[in-house]
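Hi,

Here is the structure I promised to pass on. Have a look at it first, and then read on for what turned up.

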Amino acid sequence: ALLPPPEFLAEGTAIDDLKKPDRVLIGGRETESGLKAVATLKAVYERWVPSERVITANLWSAELSKLTANAFLAQRISSINAISALCEATGANVKQVSYAIGTDSRIGPKFLNASVGFGGSCFQKDILNLVYICESVGLKEVADYWRSVVTINDYQKDRFVNRMLEAMFNTVSGKRCAIFGFAFKKDTGDTRETPAIDVCHKLMADKAKIACYDPQVTEDQMIRDLSLDPYMWDHPAGQVTPKMTMVKQQFTTCKTAYEAAAGAHCIAIMTEWDEFKTLDYQKLYDGMVKPAYIFDGRNIVDPVKLREIGFVVYGIGQPLDPFVTESAF
């Protein structure tokens, strides 16, 4: 019998997720042999998972539950990111909005942090799988609805770069841009579909010089990611592309955040690594070209304190620094 138990492990917490899962979902055919097989596997999981957390379903329900779970999580991120654009246009603060709506027990606070966008191997892939299934059964309007979650994610990355360009006198040509973080989220070296790839591509298209620091991602991985065409991240790691030489002319990696920021015109925070919250930003500022900019794609630094140091600061969905123009939203 075929038993698809979808995995719900999250990057950075996979072992804990396996030991203490929110639920285990087992799918199987609703036949005599299928039900027997499901019961056998359920008994295995019940050796360490409470019985009420081991859920059984038919094949389609199990498959759609996996896709829908990731689609709902990504939808929440795109929803708050869409609101972040409105906050910037009106003078609202998305952090305050997120906190206010998160206190509603029907909504809750999780996945309501506005950012430069979601990444990882699952969210976009599973949403597009859901879109494909909807289209294949003639549900065009439903497919369009879920596709819009990805559209907003792409829009958010474009909007972030537009803020950078317009704040920095409409060009980053020849300017050193320090990128803090390359992984799609903290506590992992995973770079699949990371927003940093798109942001770096757009900056390099305007002839920026990128200096990137990430505590876990290797230089080879970054160069490879920036050299491959979209959706090619699962190809063999040894693949060499003609773009690598071009990327290396504009992209370098650094061993510390301070090295990346030395002589830079701006810092763009792309991953919410904890160490970025405790850096000596006065030291960073002293070593940068003035005016010195910080574009916080994860809303992890205090814009008030940074402005006191002298930085021009842009935070997703937060009241705009006078230096950052209104027209980019």
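The largest nonpolar core has 68 residues, and Phe180 and Phe251 touch the most other members. By nonpolar core I mean a set of buried Ala, Val, Leu, Ile, Met, Phe, Trp, Tyr and Cys residues joined through side-chain atoms within 4.5 Å; buried is under 20% relative accessible area, exposed over 50%, partly exposed in between (1.4 Å probe, protein chains only). Helix α7 (residues 195-205) gives this core its largest share, six residues. Apart from it lies another core, of 14 residues, including Ala74, Ile77, Ile127 and Val131.

A caveat on the source: this is a predicted model, so local features need pLDDT of at least 70 and side-chain atom pairs count only at pLDDT 80 or more, while totals for chains, interfaces and linings use all residues. Residues are numbered from 1 along each chain as its sequence is written, and side-chain values use heavy atoms, with hydrogens and water left out.

Back to Phe251: beyond its neighbours within four places in sequence, it is in contact (heavy atoms within 4.5 Å) with Phe182, Cys200, Met204, Ile210, Cys212, Met222, Ile223 and Leu226.

Now the backbone. Most residues other than glycine have a negative phi, and most peptide bonds are trans. Glu193, in the loop between β3 (176-180) and α7, has a positive phi near 60°. Lys207, in the loop between α7 and β4 (209-213), also has a positive phi, near 70°, and is exposed at 53% relative accessible area. Lys290 and Pro291 are joined by a cis peptide bond, omega about 0°; Pro291 lies in the loop between α11 (281-286) and β7 (293-296). Helices (H or I, at least four residues) and strands (E, at least two) are DSSP runs, numbered from the N terminus.

Cheers
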